[in-house]
Amino acid sequence: MTGFLSDLVQYQGLFQMITVLGIGGTFQIGFQISTITYMSQHVKAFINETWLERYGYPIHQDNLLFLWSITVSIFGIGGLLGSSGSRYLTVKYGKKKCLLCNNLLMIVAASIMGCSKIARSFEMILIGRFMCGISAGLCAPLHHQYVGEISPRKLRGFANSTSSCFWSLGKAVGQISGQRELLGSQYLWPMLMASCGLPALVQLMTLPFFPESPPYLLMHKGDQEGCKKAIRQLWGEGHHQAEIDDIMKEKATMKNTKILSVLELMKEPAFRWQLYVIVILTATVQLCGINAIYFYTFEVLQAAGFDEKMISYMTLSVGLSELVAAVVCSSIIERLGRKVLLRGGYWIMGSLLAGITVTLSLQDWYFWMPYCSLCLIILFAVVFGVGPAGATVSVRVEIFKLSCRPPAFVISAVLNWLGVFVIGTTFPFIVERLKHFCFLIFMGVLFTSGMFIHLFLPETKGKSIVEITEEFNKLNFKKKCIPSTPNHVTEDYTFCTRLVQFRGLFQMILVLGIGGSFPYGFHISVINYPSVHIRKFINETWIERHGSPLHPETIMLLWSFIVSVYGIGGFLGSLCCGYLTTKYRKKKCQMLTNLIMLVAALFMAFSKTARSFEMILLGRFLYGIGTGFSLNIHPQYVGEISPKKLRGFTNSTVAVFLTLGKLTGQVIGLREILGSEALWPWLLASSGLSALVQLVTLPFFPDSPSYLLIQKGNEEACRKAIRKLWGEGDHQAEIDDIMKEKAAMTSTKTLRVLEVIKERSLRWQLYILMTVMTTLQLCGINAIYFYSFEVFHTAKFEEYLIPYVSLGVGLCECLSSILCSTLIDRFGRKVLLWGGYTLMCSVLALLTMTLSLQHQFFWMHYFSVILIFLFVIFYGIGPSGATISIMVEIFSQSFRPSAFLIVGCINWMGLFVLGMIFPLIVDNLGPFCFLIFLAILALSAVFIYLYLPETKGKSIMEIKAEFNKLNFGKKETSVTENKFPKEQVFCTKL
């Protein structure tokens, strides 16, 4: 408690100055934006009355609306002029003097507007609004720069984010003051207009007692003593030499640098990417949809049936939510960083806009939709306040040196005020034409900006200006620093070298894939094509045997059993796989699987000749057992034979072969190839070909190196296998990693399933495993394939073309899986998982909307087709490949068989259960079934983002150490020891 009070006293000067700057800074803009809405009716009535008094007749409605529009938009024109002049004035007179003069301008403007009604002059309102705009345009960049320069590095994010707090506070105060019970009445509206002079007066009276910013005093005035005095006044007595050294370093880099003009800054290559970032951030704040959200709040509340008098109070909840969120942002920005808040905020806001578009489209269909819309609107305001609202200001201040900051803020402010003017002018027309579909424009902007920030913005948290500049220099001068030609030569050389060196590995990946996940994908897709022929064959066989046809319901029952017995076989195969692979090794088990598949293929091929549909049942069952084996063995085997640097690529090939199997099934299932009535038995038997290829080729490849060393203890065989797979070279580091894993497992036997479930050190691995596997089953990909035929029908595609268009969907999934295998070792598994889930979630929200509205707009069908293709692409690039990689990497050798047994059980049970209940879900919910999958994807994305450690480039032991922090966090670290320093640090900062 004593430490808390002493630190509160130490930084009291800084907190007081932040409050003073905020009251006369961004508070004014938020206040002006919100109050003008509440006085619109009164001002229009006043203009009409004044006109009538002067000319003896009322003003025309079009002219009245035009004058009101000028009154609103002239604030933006004034803001544009004020921000344009801010650079020149701050350089010449300093920020403090400019703010003081700015307060006088605001007080004059408030006086003019306050006296407008008494003087019976609406022109005074126009002049006052114009002057308010100039003042607001000047104070916003000054506030942002000033507050960023007076704060120490450790509190810089908090201090910068207070700008958005005061902005939101201004909005909330404006909404409260504008209520008819306070200043929003017919008689008091001039006082509401004039009330902006009060915060200006407060700042004018208090700001002279505070100093100029320390960097300005030291770098521009050369007054080191004045700088130290300002630091002591703001930060209290203490050791601040490190901060002074940072300012001195910045000064040294700027010794021969003058403050740049706007044109000079735009031409300077050293600030190219900083300008790109500031333009993107400013444009996104304008085009994120927050203004549209406030606009639609009234409409949503009216649709929900709320009383007209209550609506104005309920809209306060949106403003207050944004204010609270901005305060939360200021407290978490130093913990999470600017980049996470921006990127995460943009993507969550984009997803919420998709949801709002859906609920607004359907608000006349269901009574509860308007309430859902209101919840989403409040959530949007909260996410905006927590993320972009505060982090944008912080980044804008931190990425520019002092010499570039004034012109940079001029550019930002000019863009901002131009945006206010243009959006204010065009937004009513956009809403009139597109209605709530206008949110799709904002959603596109948010997702694009989120991706840009993720790829190009360096994290600025805890870094000095010099360090941040160095980060941007890697972007600004990368072409100059690294010649382009040698770079490409090196990359091509490396690729070709790897292709030659690891040819044994690539050959084995191909062989494992052909008999591994390929048959699983093949059997999922191929069974749809001969369905009519098989049902006809069952009926004909029954007539031959019993002399009477089968009842259609019995035929359907037998057909359903033929389809679902594959899942039962897969489940049994998965159950046996863990025991058999531990006892007989993966290679032998995989070869046995091939024999089972060949026997199944023979049953299928001769079923028609033998006139026995029971052979089809038996063949499907055997196929299921074989696929259950191979789908467990393939990911483990391929993960164990790959070096660390290629592990992500090799693991993702499991998904590539699975989608290739689906695509192959779709191609050869066409009626022109093997999908005809005469050739369908050969279509079902063709899976035996891949099993035969693997049976012949697999004996020429070794067991996995980790199996040979850890379980067999044969180091020589391990080295021989490595040389055969990875070529000649120095692979000692990889062998050392296997030895470490072996040492850690010296006293550990291969655990059974129940032992794995009970094992505390595997708790979070199992949580992750179950989450990613369940999400893969319930992500909606099956529903997408189900609906694709219906969407293509509705889109007026010819009947004979639909199988080929569906083939395009499968081809997209195959190509995106291949793309995933090239991206996974660059972006990592975690990003592909949560990013893929988020994008798929957004597409499902849009698809729900387009399917719901496909009979109202003719173009909706084509939009649905595009979204289906997009969903499949995002699925293939993200979860499809990354899920397999994660499942292999988070378990060590002794736990992997049992873990994959659990995976197999979840997978096959999910396939069976989903196959049984999915038709019922579709029948009852229609396109709204996607909302279930959407919720699952959103929850899984959050879970993966929060709890899954990145596994890229890490050994099994390193990954295990990461999970131990989750599994034993409380045991390994004393609660007292862990929490006390955090509290101490928090109190010290406060």
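## Aromatic contacts and a helix face

The charged end of Lys830 lies over the ring of Tyr945, at 5.7 Å from the ring centre. The model is a predicted one.

A search of the whole structure gives 17 aromatic pairs.

| Pair | Centre to centre | Angle between planes |
|---|---|---|
| Phe518 and Phe522 | 6.3 Å | 20 degrees |
| Trp764 and Phe943 | 6.1 Å | 15 degrees |

Phe518 and Phe522 are both part of helix H28 (residues 517-526), where they are four residues apart, about one turn of the helix. Phe518 is buried because its relative accessible area is 15%, and the cut-off for buried is under 20%. Phe522 is buried as well, with a relative accessible area of 3%.

The pair of Trp764 and Phe943 joins two helices. Trp764 belongs to H40 (residues 763-777) and Phe943 to H46 (residues 929-947), so this pair ties together parts that are 179 residues apart in sequence. Trp764 and Phe943 are both buried.

Ring pairs also link Trp273, Tyr276, Phe452 and Phe456 into a cluster.

Which residues of H47 are buried? They are Ile956, Ile959, Phe963, Asn964 and Asn967. Seen down the axis of H47, these buried residues fall within an arc of 150 degrees, and therefore they line one face of the helix. H47 covers residues 956-967, 12 residues in total. From first C-alpha to last, H47 reaches 16 Å, close to the 16 Å expected at 1.5 Å a residue.

Conventions: Residues are numbered from 1 along each chain as its sequence is written. This is a predicted model: local features need pLDDT of at least 70, side-chain atom pairs count only at pLDDT 80 or more; totals for chains, interfaces and linings use all residues. Side-chain values use heavy atoms; hydrogens and water are left out. The expected span of a helix is 1.5 Å times one less than its number of residues. Buried means under 20% relative accessible area, exposed over 50%, partly exposed in between (1.4 Å probe, protein chains only). The arc is that of the directions from the helix axis to the C-beta atoms. Rings of Phe, Tyr and Trp (its six-membered ring) pair if their centres lie within 6.5 Å; planes under 30 degrees apart count as stacked, over 60 as edge-to-face and the rest as tilted. A charge sits over a ring if NZ of Lys or CZ of Arg is within 6 Å of the ring centre and within 35 degrees of the ring normal.
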